[in-house]
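The stops below go from a sheet to a loop and then to the nonpolar cores.

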Amino acid sequence: MKLETIDFRAADAPQRFVESLHHTGFGVLSNHPIAQQLVQEIYQEWQAFFLSEAKEQYLFNPSTQDGFFPSRISETAKGYSVKDIKEYFHVYPWGQIPPELKTKILDYYQQANAFAAQLLDWVERYSPTAVAANYSEPLSQMIKDSQKTLLRVLHYPPMTGNETPGAIRAAAHEDINLLTVLPAANEPGLQVKSLEGEWLDVPSDFGNIIINIGDMLQEASDGYFPSTTHRVINPKGADMAKSRISLPLFLHPRPEVVLSERYTADSYLLERLRELGVI
């Protein structure tokens, strides 16, 4: 398995992108429409936020899951007993957001959602007929007006050498949602597990955008699009002193959307959140 970078502007980009999703669960796009200057400014602003005490004023709301999640209550990946080495902020347009950070992050939220809807149209267009027949409605319509789509601003702090044995920045996991849209982070570390069980580095050139399949699309496509296991490994050497900021947008359908005979989007999400121990 090899992850190639696909030029978004190329005539065959939609087909090649969907083929990559089918074979690897991941697609990497260059020359996409998301404004890179905006991403850079968001990284800088939120880095300063995570280094400040102000973050504690925005502790997450357990019932709505918006706000700041400190490292002391960070996620434990399914099948693991050690928490990830990270802290993060859940951004929803309706949720709590620091006023000074609101304009740019909501601008990005809207841009990334519009971009993702286009990618979902590509996925549907190049799904085999038998696979597309499983979709209860057009894929891009599943996310239209969804209040559940989550923008997570992640901060992986510098390594101190005193981390819990076995802990890494993000243990191996799969995403819950339909698609995840991720601008290349300010530092490398993201890896994807191949079908052969080999860990491969995801191209992290700043300016790329990385898209991966989530469990909900795997469910809706009856397994045609695989929700591939991925992780963020710990840095080594001089890079241990560096923070890492990441900005994944997790595309969630409206709660009532039917994914399969077994699940709606809501029932699937609740099951997974219970497994993660966050509800």
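Start with the open sheet of four strands, ordered β6-β11-β8-β9 with antiparallel pairing (strands are DSSP runs of E, at least two residues, and helices runs of H or I, at least four, numbered from the N terminus; two strands pair if DSSP finds at least two bridges between them). β6 (170–173) and β9 stand at the edges with a single partner strand each, so one side of each has no neighbour in the sheet. From one strand to the next, the twist averages 20 degrees (axes are lines fitted to C-alpha atoms, with angles from 0 to 180 degrees between N-to-C directions).

This is a predicted model: local features need pLDDT of at least 70 and side-chain atom pairs pLDDT 80 or more, while totals for chains, interfaces and linings use all residues. Residues are numbered from 1 along each chain as its sequence is written, and side-chain values use heavy atoms, without hydrogens and water.

Next select β8 (residues 190–193) and β11 (residues 230–232), which are joined in the antiparallel sense by three bridges. Gln-191 stands opposite Arg-231 in β11.

Move to Asn-208, in the loop between β9 (199–201) and β10 (209–213). Asn-208 counts as buried because its relative accessibility is 7% (buried is under 20% relative accessible area, with a 1.4 Å probe and protein chains only). Beyond its neighbours within four places in sequence, its contacts (heavy atoms within 4.5 Å) include Thr-5, His-32 and Pro-203.

Finally, select Trp-46 and Ile-105, which touch the most other members of the largest nonpolar core, of 62 residues (a set of buried Ala, Val, Leu, Ile, Met, Phe, Trp, Tyr and Cys residues joined through side-chain atoms within 4.5 Å). Helix α3 (residues 102–125) supplies the largest share of this core, eleven residues. Apart from this core lies another, of 15 residues, including Leu-3 and Tyr-156.

Note on methods. Buried means under 20% relative accessible area, exposed over 50%, partly exposed in between (1.4 Å probe, protein chains only).
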